[in-house]
Protein chains: 2
Amino acid sequence: MKLLECVPNISEGRDLDTIERIVAAIRESPGVTLLDVASDADHNRTVITYLGEPQAVLEATLALCTRAFAEIDMQRHHGGHPRMGAVDVIPFIPLGELTSEEAVSYAHALGEAIGAMGIPVYFYEDAATRPERRNLADIRRGEYEGLAEKLATPGWQPDAGPAGFNARSGATVVGARFPLIAFNVNLATPDVAVAKRIADAVRNIRGGYRNVKAMGLALEDRGEVQVSMNLVDYRATPIQRVVETIRFEAARHGVLITGCELIGLAPLAAFEEPLKHYLQLHDFTIDQIVETHLL
Amino acid sequence: MKLLECVPNISEGRDLDTIERIVAAIRESPGVTLLDVASDADHNRTVITYLGEPQAVLEATLALCTRAFAEIDMQRHHGGHPRMGAVDVIPFIPLGELTSEEAVSYAHALGEAIGAMGIPVYFYEDAATRPERRNLADIRRGEYEGLAEKLATPGWQPDAGPAGFNARSGATVVGARFPLIAFNVNLATPDVAVAKRIADAVRNIRGGYRNVKAMGLALEDRGEVQVSMNLVDYRATPIQRVVETIRFEAARHGVLITGCELIGLAPLAAFEEPLKHYLQLHDFTIDQIVETHLL
């Protein structure tokens with residue numbers, strides 16, 4: 001099965017009627033399943049999560065954008081979260097047998113369609129057209145208020161749509177990224193230094209695994225500490241390898257793992273390697289799970 | 001999601017056109033996914049596997065039975081596998097959130113409908129109406145050739161349908177059972193006595209785990225031995241507990257596990273406990289797997 005997940009962030013987090021009119025574009029789309037709608041009044045921003053057959057998700061996302069551009073006027077938008085447009089950022093995430101390359105194609109198709117609505121579009125992460133546009137924060141620097149100037153700056157012409165400032169809708173950042181796994185490992189010690197040392201041992205930037213972002217923090221209420229991680233490519237750096245490395249590093253301090261936490265959702269494929277490893281199921285594939293044949 | 005799997009065994013394994021006309025009842029049923037059709041000419045028998053929304057599976061199964069009773073005449077059937085009817089046995093297997101009790105209800109509803117077609121029906125396993133009918137082999141003893149006599153024997157009146165012998169269609173055995181997991185553990189020794197001892201340690205009948213059937217056998221080509229198992233209730237006796245017990249018992253002989261094999265398919269829920277155990281994910285549920293939201 002080829003599946004596409006999409007997590008648009010729109011610049012409206014207070015008026016629930018307006019949000020529902022926009023989100024209805026997803027509810028009304030056949031073949032698309034709405035997973036979550038999370039609005040934050042302080043941020044004045046709503047994050048919408050849905051998935052389905054890729055073409056259906058593409059069309060549903062375009063319908064959502066059309067409604068959001070009609071409903072939201074950035075000239076009146078204030079909120080605590082960085083943003084540069086009415087539909088601020090749209091990441092596509094490949095699931096099942098959909099490849100990253102295919103997710104990028106859908107991101108580019110969506111960006112061109114949004115551009116054709118008269119809105120400047122930047123492509124980021126795997127969909128980026130140049131290295132300095134991979135990072136969302138770099139694209140969004142200056143935010144909506146600095147966008148007119150940014151669009152006029154050499155090197156910052158949009159990847160799709162007009163280079164002129166659209167005061168009502170701002171700009172939209174569209175991209176594709178591999179699904180990330182938010183995974184925490186809790187340790188039986190109150191000493192946060194242990195968590196910080198172990199986080200350094202596994203995080204890429206300090207010499208650890210390539211696809212691990214990690215930090216150590218205290219869980220004061222429990223008298224424990226935590227290594228809190230984003231695993232950004234479970235194919236190359238699978239969950240169990242990181243957990244077992246943390247177990248090994250913790251043993252050096254005489255500390256055991258009390259438990260782990262998967263935050264939010266993760267794709268089924270992320271569990272194939274842990275099952276193969278621990279159960280020594282060398283030939284196992286997720287196709288051996290009955291329910292995959294219904295997807 | 002509530003899902004029902006069904007695995008009818010029909011008494012035709014040679015005439016592929018006939019088989020396809022019968023199986024077409026499943027292919028033509030909306031909401032039902034055909035997983036497998038396995039015909040055996042020596043057995044003169046075909047095993048059909050499909051699943052879907054329970055009511056759709058019930059209706060599809062009834063459609064399949066109607067076609068099979070029209071196509072197959074037991075008076076001309078010969079084959080190497082024990083059988084007593086044109087549609088010989090129909091097990092229903094609950095998946096997802098469907099309970100065993102619900103699967104039994106569907107089995108009883110199907111049996112009553114088949115009975116109304118003039119065919120004697122016995123209920124077996126979880127759908128059995130009395131202890132001596134739980135075991136399929138006990139019901140089928142005497143086979144088609146002994147069925148007229150069996151139906152006339154006190155204590156063997158059918159659970160549904162007429163008690164009279166139906167020469168054309170024989171009788172059908174309908175039941176419900178929890179999904180079983182066929183799981184093998186391979187050991188790094190050529191000594192089959194080790195596999196037999198370990199099989200005895202884990203199999204219920206010799207004092208082992210309640211829901212484990214096991215035997216030890218040699219894998220001559222590989223110079224290894226195997227503990228070959230059916231795990232008949234992964235809820236009460238989860239996969240990882242059996243594997244780790246075998247690991248512990250094998251260590252007593254200085255033997256390591258070389259690998260394990262999952263034979264065929266298993267439901268997603270069977271992997272929840274192994275993932276929770278090995279990754280210490282105490283609060284994990286399969287709802288955290290993205291794709292479950294599409295089922």
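Predicted model: local features only at pLDDT ≥ 70, side-chain atom pairs only at ≥ 80, totals over all residues.
In which strand of chain B does Leu262(B) lie? Leu262(B) belongs to strand S11, residues 257-263 of chain B.

Apart from neighbours within four places in sequence, its contacts are Leu281(A), Phe284(A), Gln288(A) and Phe183(B). Along its own chain, Leu262(B) is 16 residues from Tyr278(B), and the C-alpha atoms of the two are separated by 18 Å.

These contacts lead to the interface between the chains. There, 34 residues of chain A are in contact with 34 residues of chain B. On the chain A side, the elements that give two or more residues are strand S3 (32-40), helix H7 (239-251), strand S11 (257-263) and helix H8 (272-278). S11(A) supplies the largest share of that side, five residues. By residue class, the chain A side divides into 23 nonpolar, seven polar and four charged residues.

The relation between the two chains comes next. Chain A is superposed on chain B by a rotation of 180° with 0.0 Å of shift along its axis, and the RMSD is 0.0 Å. The two copies are therefore related as by a two-fold rotation axis. The same surface serves both copies, since 100% of the contact residues of chain A recur in chain B.

Within a single chain, the division is into domains. Chain A has domain 1, residues 2-176, and domain 2, residues 181-294. Between the C-alpha centres of these two domains of chain A the distance is 31 Å.

Leaving aside neighbours within four places in sequence, Ala107(B) is in contact with Phe92(B), Phe123(B), Ala127(B), Val174(B), Gly175(B) and Ala176(B).

Thr18(A) gives a view of a helix. Its place is in helix H1, residues 16-27 of chain A. With 17 other C-beta atoms within 10 Å, Thr18(A) is partly exposed, because that count falls between the limits of 12 or fewer for exposed and 20 or more for buried. Beyond its neighbours within four places in sequence, Thr18(A) is in contact with Glu12(A) and Glu71(A). Thr18(A) and Ala68(A) are 50 residues apart along the chain, yet their C-alpha atoms are separated by 8.7 Å.

Glu125(A) has phi near 45°, a positive value in a residue other than glycine. Glu125(A) lies in strand S6, residues 121-125 of chain A, and is buried, with 21 other C-beta atoms within 10 Å. Asn44(B) also has a positive phi in a residue other than glycine, near 50°. Asn44(B) is found in the loop between strand S3 (32-40) and strand S4 (45-52) of chain B. Asn44(B) is partly exposed, with 19 other C-beta atoms within 10 Å.

Definitions and conventions: Residues numbered from 1 in each chain as written. Chains lettered and ligands numbered in written order. Contact = placed C-beta atoms within 7 Å. Helix = DSSP H or I, 4+ residues; strand = E, 2+ residues; numbered from the N terminus. Nonpolar A, V, L, I, M, F, W, Y, C, P; charged D, E, K, R; others polar. Least-squares fit on C-alpha atoms with pLDDT ≥ 70 in both. Domains from an automatic or database assignment.
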